[in-house]
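Please read these points with the sequence and the model open. They are notes for someone who has not looked at this structure before.

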Amino acid sequence: MAVAGVTLFADLSGALFWEEQRLLVVSDLHLEKGSSFARRGVLLPPYDTLATLGRLGAVIARHNPRTVIALGDSFHDRTAHGRLSAPNRDIIAAFQLRRDWIWISGNHDPAIPSDLGGVVTQEVSIGPIAFRHEPSGASGEIAGHLHPKARVSTRGRSMERRCFACDGERAVMPAFGAYAGGLSIRDAAFAKIFGTPGFMAHVLGDHRLHTIAASRCY
């Protein structure tokens, strides 16, 4: 997948890897979403953080990045980091060993505490690429926030999966979190960012990425 002339590897986990920079990007982990719902009386199995960190650990092991950028909404609410278990804190600390770690602030987690390690910032620019949480539609932008998903028809049945949305100049990443929901790429929010239905959905399949015109999704 290319953004503003930069070639990035779209991992089936929903992460992006920029090999030249040894940079791994994930978006919208929404850690502790299960515990957030439980506080409001909505009972979900309380394993989303462990499941999400397990998937993140696997993709880190696969690519061995020098730098990791978590592209905002890493935590589901403003106090979620305080509900992390000690073992899960240890897992995050282990991920950060011998690599740079950047937390981008999101609308769910605008104030990530320094005791979680890494650097907290609003935006990072590397070469022609700007990494931020909320997409603005600017050229060279990689953002998250919208949790793109695509519904396609295949072999007589419909399938809905998370996807990258990209037109070659900008991209919106899928949510990485186990409990994170999704927004159809046919939603007006995406037309506002891309300005045309001619962008592509890079859909996360079971064994490979499927690249489909957004206009063919529904």
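Helices (H or I, at least four residues) and strands (E, at least two) are DSSP runs, numbered from the N terminus. This is a predicted model, in which local features need pLDDT of at least 70 and side-chain atom pairs count only at pLDDT 80 or more, while totals for chains, interfaces and linings use all residues. Residues are numbered from 1 along each chain as its sequence is written, and side-chain values use heavy atoms, with hydrogens and water left out.

1. His 76 sits in the loop that runs between β6 (67–70) and α3 (86–96). Is His 76 buried or exposed? Buried means under 20% relative accessible area, exposed over 50%, and partly exposed in between (1.4 Å probe, protein chains only). His 76 has a relative accessible area of 10%, so it is buried. Its side chain makes a polar contact of 2.9 Å with the side chain of His 30. A polar contact is a pair of N or O atoms within 3.5 Å; within protein, one must be able to donate a hydrogen and the other to accept it, and residues adjacent in sequence count only if both atoms are side-chain atoms.

2. His 30. This residue belongs to the loop between β5 (23–26) and α1 (33–39). Because its relative accessible area is 6%, His 30 is buried. Its phi is positive, at about 50 degrees, although His 30 is not a glycine.

3. His 145. His 145 is in the loop between β11 and β12 (148–154). With 25% relative accessibility, His 145 is partly exposed.

4. Helix α2. This helix covers residues 48–63, which is 16 residues, and spans 23 Å from its first C-alpha to its last, close to the 22 Å expected at 1.5 Å a residue. The expected span is 1.5 Å times one less than the number of residues in the helix. Which residues of α2 are buried? They are Asp 48, Thr 49, Thr 52, Leu 53, Leu 56, Gly 57, Val 59, Ile 60 and His 63. An α-helix has 3.6 residues a turn, so residues three or four places apart point the same way. Just after α2, Asn 64 has a positive phi of about 45 degrees.

5. α2 against α3. Two packed helices are described by the angle between their axes and the distance between the axes. The axes of α2 and α3 come within 11 Å and cross at roughly 15 degrees; axes are lines fitted to C-alpha atoms, for helices over the stretch in contact, and angles run from 0 to 180 degrees between N-to-C directions. The two helices are therefore roughly parallel, where angles under 35 degrees count as roughly parallel, over 145 as roughly antiparallel, 65 to 115 as roughly perpendicular and the rest as oblique. The crossing of α2 and α3 is left-handed, meaning that the near helix is turned anticlockwise from the far one by less than a right angle; clockwise would be right-handed.

6. Residues at the α2–α3 meeting. From α2, Thr 49, Leu 50, Leu 53, Leu 56, Gly 57 and Ile 60 are in contact with Asn 88, Ile 91, Ile 92 and Phe 95 of α3, where contact means heavy atoms within 4.5 Å. Pro 87 also lies in α3 and is exposed, at 54% relative accessibility. Pro 87 and Leu 50 are 37 residues apart in sequence, with 9.4 Å between their C-alpha atoms.

7. Ala 201. Strand β16 (residues 200–204) contains Ala 201. How accessible is Ala 201? Its relative accessible area is 0%, so Ala 201 is buried. Not counting residues up to four places away in sequence, Ala 201 touches several residues, among them Ala 150, Cys 163, Phe 164, Ile 185 and Cys 217. Ala 150 is 51 residues from Ala 201 in sequence and 7.0 Å from it in space, C-alpha to C-alpha.

8. Thr 7. Thr 7 is part of strand β2 (residues 6–7), and with a relative accessible area of 61% it is exposed. Setting aside neighbours within four places in sequence, Thr 7 is in contact with Met 1, Ala 2 and Trp 18.
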